[in-house]
Amino acid sequence: GVVGVLPSGTISGSSQITDLTTHKETVSGASSYTVTHNLNEQYPIVQAWNTSTSQQEVPTSITTNSVNQVTVVFSDTFGGIIIVKK
């Protein structure tokens, strides 16, 4: 079959990509962090990267305090980057 290409290579719905916002916060020395992110998002995507091991860590819990704040809790002391995405 023939594959069609939209004018100028634009993919339908790509405007949604520009609406994504990311907040990164470097943290260390605790097992609980409250991150204020200003993304106005009730259900943000939260990731935690351990900068010592270069691996993603799964938090024990993530609580949305408000549309602009989450609390991320780990089972042990965590050091790395907490990423919050809209």
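Ser54 is exposed, with a relative accessible area of 58%. Exposed means over 50%, buried under 20%, and partly exposed in between (1.4 Å probe, protein chains only).

This is a predicted model: local features need pLDDT of at least 70, side-chain atom pairs count only at pLDDT 80 or more, and totals for chains, interfaces and linings use all residues. Residues are numbered from 1 along each chain as its sequence is written, and side-chain values use heavy atoms, with hydrogens and water left out.

**Exercise 1.** Locate Ser54 and describe its backbone.

*Solution.* Strands (E, at least two residues) and helices (H or I, at least four) are DSSP runs, numbered from the N terminus. Step 2: read phi. Ser54 has a positive phi of about 55°, yet is not a glycine. Most residues other than glycine have a negative phi.

**Exercise 2.** Which residues does Lys24 touch beyond its sequence neighbours?

*Solution.* Step 1: Lys24 lies in strand β1. Step 2: Lys24 is exposed, at 59% relative accessible area. Step 3: set aside neighbours within four places in sequence; Lys24 is then in contact with Ile81, Ile82 and Ile83. Contact means heavy atoms within 4.5 Å. Step 4: take Val46, 22 residues from Lys24 along the chain; their C-alpha atoms are separated by 9.9 Å.
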